[in-house]
Amino acid sequence: YQASQWFITIFLATDMKFGTIVRVWDIYLNEGLKTVFRMGVGFLKYFEKSLLQSDFEQMLGLFRTGAATLDPEQYIKICFATRITHAQLAAFEKDFNRQQQKMKH
């Protein structure tokens, strides 16, 4: 549920600091949809060590509260180190649709 809120609102449904949200939106308006995925993956990478050491409940807590603790510079740097292309997104979408069709039959 938390992830869907992030993606639907492009990170507005978080406790992320206003300055960080403004930067995320600036990048989103400049680069488009791939930014949403880049920021999501960047969030996971930012908290990778904590997530790997957490149980499910702790992970949910981190997803709920972690955005408020992000260091904007470090977070954006991690996000930009994550390369996601429109071609990759199209391939993921195609694979997802194929799997959905298999599940219907």
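I began with Gly40, which counts as buried at 6% relative accessibility. My cut-offs are these: buried is under 20% relative accessible area, exposed is over 50%, and partly exposed lies in between, with a 1.4 Å probe and protein chains only. Gly40 sits in helix α3. I then looked up its distance to Cys79, 39 residues away along the chain: the two C-alpha atoms are separated by 8.3 Å.

I noted the ground rules. This is a predicted model, in which local features need pLDDT of at least 70 and side-chain atom pairs count only at pLDDT 80 or more, while totals for chains, interfaces and linings use all residues. Residues are numbered from 1 along each chain as its sequence is written, and side-chain values use heavy atoms, with hydrogens and water left out.

**Confidence.** I checked pLDDT, the predictor's confidence in each residue from 0 to 100. The protein chain has a mean of 86, and 88% of its residues reach 70 or more. Among the elements, helix α1 (residues 2–9) has the lowest mean, 60. Helix α4 (residues 48–52) has the highest, 96. Where pLDDT is low, the predicted coordinates should not be read in detail.

**Whole chain.** I found 7 helices and 0 strands. These elements are DSSP runs numbered from the N terminus: helices are H or I with at least four residues, strands are E with at least two. Of the 105 residues, 31% count as buried. The accessible surface comes to about 7200 Å², and carbon and sulfur atoms hold 60% of it. That area comes from the Shrake-Rupley method with a 1.4 Å probe; for residues, only the protein chains shown count as cover. Next I took contacts, meaning heavy atoms within 4.5 Å. Of those with a separation of 6 or more, 64% join residues 24 or more positions apart.

**α2 against α3.** How do these two helices pack? I got an angle of about 140° between helix α2 (residues 18–31) and α3, with their axes 8 Å apart. Axes are lines fitted to C-alpha atoms, for helices over the stretch in contact, and angles run from 0 to 180 degrees between N-to-C directions. The pair is therefore oblique. For that word, angles under 35 degrees are roughly parallel, over 145 roughly antiparallel, 65 to 115 roughly perpendicular, and the rest oblique. From α2, the contact uses Val24, Ile27, Tyr28 and Glu31. From α3, it uses Lys34, Thr35, Val36, Arg38 and Met39. I sorted these residues into 5 nonpolar, 1 polar and 3 charged.

**Thr35.** I zoomed in on this residue of helix α3 (residues 34–46). Thr35 is buried, with a relative accessible area of 1%. Leaving aside neighbours within four places in sequence, it is in contact with Val24, Ile27 and Tyr28.

**Thr20 and Gly19.** Both belong to helix α2. Thr20 is buried at 1% relative accessible area. Not counting residues up to four places away in sequence, Thr20 touches Pro72 and Tyr75. Gly19 is partly exposed, at 42%.

**Leu33.** Buried or exposed? I found Leu33 exposed, with a relative accessible area of 52%. It lies in the loop between α2 and α3. Leu33 and Leu89 are 56 residues apart in sequence, and their C-alpha atoms are 9.2 Å apart.

Note on methods: Ala, Val, Leu, Ile, Met, Phe, Trp, Tyr, Cys and Pro count as nonpolar, Asp, Glu, Lys and Arg as charged, and the others, Gly among them, as polar.
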